[in-house]
Amino acid sequence: MKLLVILLCFHLSCTWSLEVKLDGRKIGSRIIGGQAARAGQFPHAAAITVQTSDSRIFCGGTLINQEWILTAGQCVDGATLFTIQLGSNSLVENDPNKVQVASSEYEIHPDYDPLTLENDIGLIKLRMPVEYSQYLNSVNFVGTHYVVPTTRLMAIGWGQTNNEDSELSNDLMWTDVVALSNDECRLVYGNQITNSTICVEGNYNEGSCYGDTGSGLLQDIGKGYMMHVGIASFLSGNGCESTDPSGYVRTFSYRDWIKNITGV
C-alpha cells in the first residue's frame, strides 16, 4: 500500500516542511505536465495565503458565489487570516484584473480528520461580496452529479511543476486527467480511499503537486460551462512525478453541506 502525502507550503517561496502524520500521510498537492491558463479561462480560481498561529501556507480554492470560496479542510484548519487573490492567473506580476481580499471567517466540515484526511473540505466566507467580471466569476456548477470512472477532467493550480523545484508556479497551470474507479485507487492506497474520494490517473506525469491543495478538479460539461467535481487533497509519498493516482475530495458527496452553508 502506498503512503498518502498531504502537502502544505509554509512560505510563499514554497520551502517544504513535510511532517509525517500517524498513518504515514504528510501535509498540501502540483500541476505536473500542464500548460499555462489563458486569461479568464478559470475566472473562479483563487490563490489563498493562509496564516495560522505559527505558520504561513499556500492553497488553492474555487469561488462558488460572490461570498464563498470552496477549498480543502486542511487549508482552513486553525487559520487566523486568509489573503486571497482572484481575477488573475499570475501570483506576482501586476495585473489590472487582480483583486485581493482578506477574511478570517471559515467553515470546516464537522467530521474533518486531520490525520486521515476524511472529510477534507472547507469554506471561506469573504468579508464583502466581490464584483463579477470577465476575469472574476464563480464556477458554473458545484458537484451536481457523480463523476464516473474514465471521465476526462481538468486539474488546475499554482503548485510545483516538478519534484525538484520547490517554487510555486507564477502562472495558473492546468492539465487533462482521467477519473479512476475507487476500486482501482484502493489497489494503490487501500481502504484509505472512501466513497467521498475521487482519484485521477497519474499517467504521463500529469496531475497535482505540492502547493495545489484545495484547488478545483473541474469537468467541462460543454458550451463553456464548468462543474466543480473535486478538491485537491493528497498525492503519493512517491512524489508528484510518480504515476500513482492523485486524490481529491468528491464534491458531489458534500453538496448538501455546501448548500446548507452557502446556498449554492
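**A loop residue, then the sheet**

Mentor: Thr150 sits in the loop that links strand S10 (141-142) to strand S11 (152-157). The model is predicted, so local features need pLDDT of at least 70 and side-chain atom pairs count only at pLDDT 80 or more, while totals for chains, interfaces and linings use all residues. Residues are numbered from 1 along each chain as its sequence is written, and side-chain values use heavy atoms, with hydrogens and water left out. Helices (H or I, at least four residues) and strands (E, at least two) are DSSP runs, numbered from the N terminus.

Thr150 has a phi near 75°, which is positive although the residue is not glycine. Its relative accessibility is 62%, so Thr150 counts as exposed; exposed means over 50% relative accessible area, buried under 20%, and partly exposed in between, with a 1.4 Å probe and protein chains only. Asn119 also has a positive phi without being glycine, near 55°. Asn119, however, is buried because its relative accessible area is 17%.

His109 is in the loop between strand S8 (105-108) and strand S9 (122-125), and it counts as buried because its relative accessibility is 11%. Beyond the neighbours within four places in sequence, His109 is in contact with Asn119, Ile121, Tyr254 and Trp257; contact means heavy atoms within 4.5 Å.

S8 and S9 are part of an open sheet of seven strands, in the order S7-S6-S3-S4-S5-S9-S8, with antiparallel pairing. Its edge strands are strand S7 (99-103) and S8, each of which pairs on one side only. On average, neighbouring strands of this sheet are turned by 30° against each other, direction ignored. Axes are lines fitted to C-alpha atoms, for helices over the stretch in contact, and angles run from 0 to 180 degrees between N-to-C directions. Two strands pair if DSSP finds at least two bridges between them. In general, strands of a sheet pair through backbone hydrogen bonds, either parallel or antiparallel.

Now take strand S3 (residues 45-52). Seven of the eight residues of S3 are buried. On one side, S3 pairs with strand S4 (residues 56-63) over seven bridges in the antiparallel sense. Ile48 has Cys59 of S4 as its bridge partner, and three residues lie between S3 and S4 in the hairpin they form. S3 is also joined by six bridges to strand S6 (residues 79-86), again running antiparallel. There, Ala47 has Gln85 of S6 as its bridge partner.

From S4 the sheet continues to strand S5 (residues 68-71), through two bridges between antiparallel strands. Leu63 is placed opposite Ile69 of S5. Helix H3 (residues 255-262) lies across S5, S8 and S9, and runs at about 15° to S9.

As for the whole chain, it has three helices and 16 strands, and 55% of its 264 residues are buried.
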